[in-house]
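Trainee: Please go through this model with me, one step at a time. I would like to learn how to read it.

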Amino acid sequence: MINVLSDKALVDKIRNGDRAAFSRLFERYFSKLFHYGKRITDHELLIEECIQELFLYLYENKNLLFGIKHTKSYLYTAFRHRLIAAIKKEQKLFIRSSNLTHPTNIQFS
């Protein structure tokens, strides 16, 4: 019989440095977050990068997990904020680069 741990139990194990628990949490939520991200944007690579950045942040800042009461809600909210910020940043870069590629009509006398 497979032992299915709750999100809270996984988070408790992660706080204690259990890498296997961290992998299980990542595997549990990766496809869910990916499909959620697809509802926001079609940019699959950006979605994957934001999910990975979120979990990397959590791994590096395990002490922040003490304040999380609802893991699923936290992950979806944090992911959405990261993804929207990444989309906005990408749009700004696109606007800047498109402005550079269009020649201006400057005439010197």
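Mentor: Let us begin with a definition: helices (H or I, at least four residues) and strands (E, at least two) are DSSP runs numbered from the N terminus, and a helix is expected to span 1.5 Å times one less than its number of residues. This is a predicted model, in which local features need pLDDT of at least 70 and side-chain atom pairs pLDDT 80 or more, while totals for chains, interfaces and linings use all residues. Residues are numbered from 1 along each chain as its sequence is written, and side-chain values use heavy atoms, without hydrogens and water.

Trainee: How many helices and strands does the protein chain have?

Mentor: Read from the N terminus on, the elements run α-α-α-α. The secondary structure therefore comes to 4 helices and 0 strands.

Trainee: What distance does H3 reach from its first C-alpha to its last?

Mentor: H3 covers residues 44-60, and it has 17 residues. Its reach is close to the expected value, at 24 Å.

Trainee: Within what arc do the buried residues of H3 fall, seen down its axis?

Mentor: Buried means under 20% relative accessible area, exposed over 50%, and partly exposed in between (1.4 Å probe, protein chains only). In H3, the buried residues are Leu-46, Ile-47, Cys-50, Ile-51, Leu-54, Phe-55 and Leu-58. They line one face of the helix, because the directions from the axis to their C-beta atoms fall within an arc of 165 degrees.

Trainee: Is Thr-41 buried or exposed?

Mentor: Thr-41 sits in the loop between H2 (19-38) and H3. Leaving out residues up to four places away in sequence, Thr-41 touches Ile-47, Leu-83 and Ile-87, where contact means heavy atoms within 4.5 Å. A polar atom of its side chain is also 3.2 Å from the backbone nitrogen of His-43. With a relative accessible area of 15%, Thr-41 is buried.

Trainee: How many aromatic pairs are there?

Mentor: Rings of Phe, Tyr and Trp (its six-membered ring) pair if their centres lie within 6.5 Å, and planes under 30 degrees apart count as stacked, over 60 as edge-to-face and the rest as tilted. By this rule the count is 7.

Trainee: How far apart in sequence are the parts that the pair of Phe-22 and Phe-55 ties together?

Mentor: These two rings are edge-to-face, with 5.9 Å from centre to centre and 75 degrees between the planes. Phe-22 is buried at 14% relative accessibility, and Phe-55 is buried at 2%. Phe-22 lies in H2 and Phe-55 in H3, so the separation is 33 residues.

Trainee: Is the pair of Tyr-36 and Phe-79 stacked, edge-to-face or tilted?

Mentor: Tyr-36 in H2 and Phe-79 in H4 (residues 71-101) are 43 residues apart. Tyr-36 counts as buried at 16% relative accessibility, and Phe-79 does too, at 0%. Their ring centres are 6.3 Å apart and the planes stand at 55 degrees, so the pair is tilted.

Trainee: Which residues does Phe-79 touch, apart from those up to four places away in sequence?

Mentor: Phe-79 also has a C-alpha to C-alpha distance of 9.0 Å to Glu-53, which is 26 residues apart from it in sequence. The residues that Phe-79 touches are Leu-33, Tyr-36, Gly-37, Ile-47, Cys-50, Ile-51 and Leu-54.

Trainee: Over the ring of which residue does the charged end of Lys-62 sit?

Mentor: A charge sits over a ring if NZ of Lys or CZ of Arg is within 6 Å of the ring centre and within 35 degrees of the ring normal. The charged end of Arg-82 is placed like this over Tyr-57, 5.1 Å from the ring centre. For Lys-62 the distance to the centre is 4.2 Å, and the ring is that of Tyr-59.

Trainee: What separates the C-alpha atoms of Asp-12 and Phe-66?

Mentor: Asp-12 belongs to H1 (residues 7-15) and is partly exposed at 27% relative accessible area. Phe-66 is 54 residues apart from Asp-12 along the chain. The separation of their C-alpha atoms is 8.4 Å.

Definitions and conventions
A polar contact is a pair of N or O atoms within 3.5 Å; within protein, one must be able to donate a hydrogen and the other to accept it, and residues adjacent in sequence count only if both atoms are side-chain atoms.
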